[in-house]
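Here are a few friendly notes to read alongside the model. Take them one at a time, and keep the structure open as you go.

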Amino acid sequence: MSEGSISQEEIDALLSGVDVGGIGSGGSFSSGPEVSIDVPTLQNFANGMKDKLSDVLKNMTQQDVSCGAPVVETAGRDQLLAKVPEVVIAVMADYSAGLGGDHLFLMPSELATKLVGFINQEENPALDDMGLSVISEVISAFSGSEITELSKSGKLPGLATNPPEAVNQPKAMIRMPQGNFGLFSYPVTLAGETYTIWEAVSAPVADGMAKALGGGVQAAPAMDAGSANMPDAGAGMAQPQMGGMQQPQMMGGMNMGQPQMQIGGMGMGMQQPQMMGGAMMGGMNMGQPQMMGGMPMQTPPNVQSLQFPNFVQGVSSAEQGNISLIMDVFMEMTVELGRTKKTIKDILGLGEGTIIELDKLAGEPVDILVNHKPIAKGEVVVIDENFGVRVTEILPSLEHVTSSM
């Protein structure tokens, strides 16, 4: 790690939970059992959605937009990082009803800038909060078209997503779905330039989408452990041998062909030891199953209660060791006095002396944000001739910090 900064590989490794010293050692991150993804069904869905995407972009930009043949594949974090540029516009639109899981859109900053410029009719658009809200509206319109298509089958009633939220940040800071996920790649041509819009959905979401479309990968039925090796009732059973003596076959619960032993000229039958629950009552375990009607009786399984581990909130020692490596990395901290929403007409009518009413009351604590994510609240103070903010409340959840990194 260099002074005051860390390399891209180190950032990727830290955010993936891999020790920096083991980047090349093949460390892996496990997120539970993988869910199979029906790629052909999702490919047919994407082929139909490409026209919807071009219609959305045409209507919003009033420009000639075309969408090429999309590609659907199963990918992981490393594969997606290799496809996208270093800085991207990420839009989270996680499903909140009908399906549950991550839903992420990515696009190059150049494409986002052009979209904002055409939609707002600006020559030099900026990807500030207003520009990012425009991108969020674009994704919201396309996501709504997807919901309409997926809801036609009636298998996903009430399907909905959270309001899309766009951010402009390095690709290593993007919160991606864990494990393998479904990746849609839509090539888009706007103003003579071709770009790609990526859509990533977690494996459970991809599986739910495929099933709603009439597909989906069917899991193999689980085989009962007790019946996995059950022989056919009409088939002969080879009995185990012991001491060179073949065990007699059982038929109808009767011992057939019992061997006899001659002692002193007298015939003495060897009594077959009684079997119970697979154990010989004479003290010797033959491993012989109990017989009833010529068929072996299955021994009842040993059922025990499943013990779940306690989930302890907090950061593990390994994560603490990783996060210490980026303690000297600078992050943007801002204080937000308030917000409001205005129509484009109202914004164009702003002039000197215009008063903008915010959504906060006078004297109400201001929000303290790190990388546009709220982490605390405070009150405005004056230090000499400079403004400052005194922290009055730290937001309780650590998710606000981790989501901004």
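1. Of the contacts in the protein (heavy atoms within 4.5 Å) with a separation of 6 or more, 64% are between residues 24 or more positions apart. This is a predicted model, where local features need pLDDT of at least 70, side-chain atom pairs count only at pLDDT 80 or more, and totals for chains, interfaces and linings use all residues. Residues are numbered from 1 along each chain as its sequence is written, and side-chain values use heavy atoms, with hydrogens and water left out.

2. The secondary structure comes to nine helices and 23 strands; these are DSSP runs (helices H or I, at least four residues; strands E, at least two), numbered from the N terminus.

3. Next, burial. The protein has 405 residues, and 33% of them count as buried, meaning under 20% relative accessible area with a 1.4 Å probe, protein chains only.

4. Now look at K171, in the loop between strand 7 (165–170) and strand 8 (181–190). Is K171 buried or exposed? K171 counts as buried because its relative accessibility is 9%. Leaving aside residues up to four places away in sequence, K171 touches L81, V84, P85, E86, V88 and M176.

5. Finally, find helix 2 (residues 39–61) and helix 5 (residues 129–151). Residues of helix 2, including F45, M49 and L53, meet residues of helix 5, among them V138, A141 and F142. The residues of this contact divide into 10 nonpolar, one polar and four charged (Ala, Val, Leu, Ile, Met, Phe, Trp, Tyr, Cys and Pro count as nonpolar, Asp, Glu, Lys and Arg as charged, and the others, Gly among them, as polar).

Notes
Axes are lines fitted to C-alpha atoms, for helices over the stretch in contact, and angles run from 0 to 180 degrees between N-to-C directions. Buried means under 20% relative accessible area, exposed over 50%, partly exposed in between (1.4 Å probe, protein chains only).
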